[in-house]
Amino acid sequence: MSGHIEAAGGNKESAARAGVIAGLLDVGIAVVAVSTANSAVLIADALKTFLEFIAVLLAWLAIRRINRGAGRNFEYGIGKLENLSGLLVAILMILCLLLIVGAAVHDFLHPTHLAGAGIWIGVADQVVFLGINAFLCLRGRRTAAQTNSPAMAAQARLFFTRAVGNCFILLALVLSLALTGYKWSVYIDPCGSLLIGISILLAAFGTFSSSIYDLLDRTLEEKHQFVILRELAGHFDDYEALHGIRSRQSGSQVYIEIFLEFEPTKPVGEVQRIINHLTENLQTKIPNSHVSVALANRPIN
Amino acid sequence: MLDITHKPEPPGVTVALKGHLNAITAPELEQQLDTLLNSAHEYIVVDLGNVAFIASAGLRVFLACAKKAKRANRGLALCRLQPQVQQIFDLAGMTPLFLIHPTAEHAHTALRQRSASK
């Protein structure tokens with residue numbers, strides 16, 4: 001069981017680390033492109049890329065912290081780090097959106113044709129990172145599905161947004177270069193950046209609502225409550241009394257405590273066998289659950 | 001909202017429920033069933049004919065009471081379950097734990113015979 005958890009943690013960390021490396025490379029290239037071109041959409045892209053890199057870095061640090069802490073420290077609540085980093089990603093996305101809108105407004109007020117070697121660096125950059133972001137998005141989605149992690153789901157959404165952004169920037173740059181003979185082509189650049197802004201707004205909203213929802217401790221879903229009841233009904237003759245069930249969901253983690261009374265004459269070994277069976281069955285049927293069965297001889301409220 | 005009414009039918013008692021059995025109403029039902037299980041009544045018939053919905057918290061009350069009834073050697077039966085309520089009991093794997101009858105009269109007759117044969 002712990003081997004499975006460690007492997008899942010390792011997958012998440014490795015996927016996040018790959019995102020950090022790709023992000024750092026992307027920031028470097030974007031800065032070079034911006035410094036040798038006059039495109040507002042490239043400036044916005046560089047700022048957005050930098051903020052995204054910070055966000056991916058934070059997620060990687062949070063996952064690293066969780067993996068290093070596993071089994072060594074008191075773990076209740078540490079899963080919230082994942083949700084907090086998801087929330088921070090959303091806030092950074094909103095800041096990025098404001099910067100993009102600002103740059104687009106400036107371009108509408110002072111339109112110019114694109115020029116400079118940086119434009120071609122930008123085009124090549126977008127092509128390469130379109131491929132990388134699409135790959136990381138698919139990988140993140142797979143890992144999120146396997147580990148039920150809100151942080152990895154947020155990361156997958158982020159890479160999807162970035163891939164869509166790459167497409168729009170690429171299109172805006174190519175059209176701006178191809179249609180320089182037309183007066184109106186000066187507005188392609190700011191229009192492209194506004195479309196990127198809309199995609200970021202949608203992604204930020206999804207990430208924000210998901211992270212806020214996961215940050216709040218909440219009661220277990222009914223479908224999981226039924227799984228617990230079904231298991232207790234299946235073991236009806238094994239225990240003497242059911243004194244209470246406590247459950248809560250924190251982030252992707254589920255905590256369940258069951259208070260049972262056993263016949264005083266039942267051997268300890270037999271009680272342990274029943275507890276182990278109940279615990280293992282519930283942990284198998286409810287993803288990311290931590291089940292503990294406690295002995296009690298009066299109702300637990 | 002859940003209305004709980006008792007109708008003594010010696011040697012047993014009928015507990016009729018009306019409304020929704022959820023996390024808010026379940027503690028009150030548990031308290032009343034506990035009191036009845038500790039009273040002189042030999043058995044309890046719970047009439048669910050006017051209950052349209054039972055949440056997991058309500059099922060938990062029945063599971064705990066089934067255990068208490070068994071321990072106290074008292075009879076506990078359910079009657080007039082609406083199809084959706086029966087489905088919830090099936091889903092939770094709790095149907096085999098209870099004597100379930102179509103009417104309160106059937107339940108009383110079965111439990112009276114069970115009491116007499118002890």
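Trainee: Are α1(B) and α2(B) roughly parallel or roughly antiparallel to each other?
Mentor: This is a predicted model, in which local features need pLDDT of at least 70 and side-chain atom pairs count only at pLDDT 80 or more, while totals for chains, interfaces and linings use all residues. Residues are numbered from 1 along each chain as its sequence is written, and chains are lettered from A and ligands numbered from 1 in the order in which they are written. The axes (lines fitted to C-alpha atoms, for helices over the stretch in contact, with angles from 0 to 180 degrees between N-to-C directions) of α1 (residues 26–37) and α2 (residues 56–71) of chain B come within 9 Å and cross at roughly 15°. Since angles under 35 degrees count as roughly parallel and over 145 as roughly antiparallel, with 65 to 115 roughly perpendicular and the rest oblique, α1(B) and α2(B) are therefore roughly parallel.

Trainee: Which residues of α2(B) does α1(B) meet?
Mentor: Two residues are in contact if their C-beta atoms, placed from the backbone, lie within 7 Å. From α1(B), the residues involved are A26(B), L29(B), E30(B), L33(B) and L37(B), and those they meet in α2(B) are A57(B), G58(B), R60(B), V61(B), A64(B), C65(B), K68(B) and A69(B).

Trainee: Which element gives the most to the side of chain B that touches chain A?
Mentor: Between the two chains, 14 residues of chain B are in contact with 13 residues of chain A. On the chain B side, eight residues come from the element that gives the most, which is α2(B).

Trainee: How many helices and strands does chain A have?
Mentor: Helices (H or I, at least four residues) and strands (E, at least two) are DSSP runs, numbered from the N terminus. Along the sequence, chain A reads α-α-α-α-α-α-α-β-β-α-β, and its secondary structure comes to eight helices and three strands.

Trainee: Which strands of chain A stand at the edges of the sheet?
Mentor: Strands pair if DSSP finds at least two bridges between them, and the open sheet of three strands in chain A has the order β1-β2-β3 with mixed pairing. One side of each edge strand is left without a neighbour in the sheet, because each has a single partner strand, and these strands are β1 (241–250) and β3 (289–295) of chain A.

Trainee: At what angle to β3(A) does helix α8 of chain A run?
Mentor: Beside β3(A) lies strand β2 (residues 253–261) of chain A, which pairs with β3(A) in the parallel sense over seven bridges. Helix α8 (residues 268–285) lies across β2 and β3 of chain A, and its angle to β3(A) is about 155°.
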